[in-house]
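Work through the following exercises with the sequence and the coordinates at hand, and try each task before reading its solution.

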Amino acid sequence: MASAAFPLPSVISGVICNRPFLRCPSFFIRKSCLRPRPFTGGRARANRFSYLTASAKNKTRSLRVPPETLHQNLFPKLLSFSGFYQGLKKAQSVIAAILILCQSSFTLPLSSWDTLFISSANAVLFSPDTKVPRTGELALRRAIPANANMKAIQDSLEDISYLLRIPQRKPYGTMEGDVKKALKIAMEQKESILGTLPEELKEKGSLLYTSLTDGKGGLKNLIEFIKENDPDKISVVLQSSLDTLAELELLQAPGLSFLLPEQYLKYPRLTGRGVVNFVVEKSDGSTFFPASGGEPKSFATIQVVLDGYSAPLTAGNFAKLVIDGAYDGVRLKCANQAVLSDNELENYGYSLPLEVKPSGEFEPLYKTALSIQDGELPVLPLSVYGAVAMAHNTDSEEYSSPSQFFFYLYDKRNAGLGGLSFDEGQFSVFGYTTIGRDVLSQIKSGDLIRSAKLVQGQDRLVLPEQT
């Protein structure tokens, strides 16, 4: 079985397993960004004036020129420089006009011209999307293939989450309007929401619906706290409403909403959600310190939710590996932005194609990485702290490793344009850490996975027929 390598972003230096990581293009982008930006316009003139003034003062100090001589000598030079500067600006305008004419007359891209004449004040950095989910819970909720009414309710409530982050005076009127909109959809579309549930789930769905609309921690309760202008209570009840909404959406999605290509039916697949609990143990006698302030222990639990709705093959293969005990006793190795399983040479699992589902698409793409610069974004982004993905196969980046996975320690300070990871859309992300995110940063190379158990979702795991 081919081994797997995981090319991390350039911010990671050093060697893992005696193999250096290749630097990505972002290294050279950031290296060039270390230069200070040139001053333009009035700032340039002011900077030049202060430079000339400082130079003139140094000369007067050394030559002891009377103050009046300074003004007589300095300002004519400034006037001369001003004339030169204005002439340069006119020349720049002429050259820019020539470039535009050439660009419209020939197919030569403007980006190939020297950027000397492009003002930094006019440069615009491309930002693909400002609404990329920043938590695993949000990404998982958005990935559920629920009906349009439920998604409309979800969008309204998530808008409130955004408004709560405004540091100035909270727009409570807008929040109330969002909740009333969500409540109206829920009340008017009750039959359509509950009618999509399988017969055996209708009773549970009705209880969740009642809890969402009328229960404590529901939409009507949320309106009351908004009227009280209490952001803390709003935040608690809002989260409760979103959790209830997600449970109801999961009942509406009993399986995959698309058909897998026939050539991939020979692989295990997860047709919904699964939950894996890892017990990670310290190997050097140290302890994990819980964020909640509990007792430090030599072991900790990490919970990962697998999303088969967006990555059925990758999540299915991983779930089967967990059931087979492939990760019990596996060591972990660490870098600045990832915690990897050290089992790349183990003869487990399937060599699966890269599997990424783009936002707005009905089904995943296979063996095709996304182009973030072209605005393509995945349903399950890598740019979330605690994202779980498969490493690349060393033979081809169109395939994932059969068994080597990693926890991604996303750091926005080291992200690219739009706050996205430089490797966004390049790996098969199949889930997120929902419990134990604080543990990930405390893991050191050599710590081991004592056990990995599939605690939910085995009924959604479809195994290929044995031939």
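**Exercise 1: a charged surface patch**

Task: determine which residues form the negative surface patch, and where in the chain Glu 363 lies.

Solution: In this predicted model, the negative surface patch is made up of Glu 361, Glu 363, Asp 374 and Glu 376. Taking Glu 363 as the member to examine, one finds it in the loop that runs between β9 (355-356) and β10 (365-366). Its relative accessibility is 38%, and Glu 363 therefore counts as partly exposed, since that class covers values between the 20% limit for buried and the 50% limit for exposed.

**Exercise 2: a serine in a strand**

Task: decide whether Ser 451 is buried or exposed, and list the residues that Ser 451 touches, leaving out those up to four places away in sequence.

Solution: Begin with the secondary structure, where Ser 451 belongs to strand β14 (residues 448-456). The relative accessibility of Ser 451 is 16%, so this residue counts as buried, because buried means under 20%. Once residues up to four places away in sequence are set aside, the contacts of Ser 451 are Asn 277, Phe 278, Val 279 and Asp 328.

**Exercise 3: salt bridges within and between elements**

Task: state how many salt bridges there are, and work out which elements are joined by the pair Glu 158 and Arg 141.

Solution: The count comes to 11 salt bridges. One of them pairs Glu 158 with Arg 141, with 3.6 Å between the closest N and O atoms. Glu 158 sits in helix α5 (residues 148-164) and Arg 141 in helix α4 (residues 136-143), so this bridge ties together parts that are 17 residues apart in sequence. Glu 158, at 11% relative accessibility, counts as buried, and Arg 141, at 8%, counts as buried too.

A second pair, Lys 180 and Glu 176, has its closest N and O atoms 3.0 Å apart; both residues lie in helix α6 (residues 172-188), four residues apart, which is about one turn of the helix. Here Lys 180 is partly exposed, with a relative accessible area of 45%, whereas Glu 176 counts as buried at 18%.

Turn next to Asp 307 and Arg 273, whose closest N and O atoms are 2.7 Å apart in their salt bridge. This pair links distant parts of the chain, with Asp 307 in strand β6 (residues 299-307) and Arg 273 in strand β5 (residues 273-281), 34 residues apart. Both Asp 307 and Arg 273 are buried.

Methods: Residues numbered from 1 in each chain as written. Predicted model: local features only at pLDDT ≥ 70, side-chain atom pairs only at ≥ 80, totals over all residues. Heavy atoms only, no water. Patch = residues over 30% accessible without salt bridge, like charges linked within 9 Å, V, L, I, M, F, W, Y side chains within 5 Å. Areas by Shrake-Rupley, 256 points an atom, 1.4 Å probe, with all protein chains shown as cover. Salt bridge = Lys/Arg side-chain N within 4 Å of Asp/Glu carboxyl O. Lys, Arg positive; Asp, Glu negative; His and termini not counted. Charge placed at Lys NZ, Arg CZ, Asp CG, Glu CD. Helix = DSSP H or I, 4+ residues; strand = E, 2+ residues; numbered from the N terminus. Buried < 20%, exposed > 50% of the residue type's maximum accessible area, 1.4 Å probe, protein only. Contact = heavy atoms within 4.5 Å.
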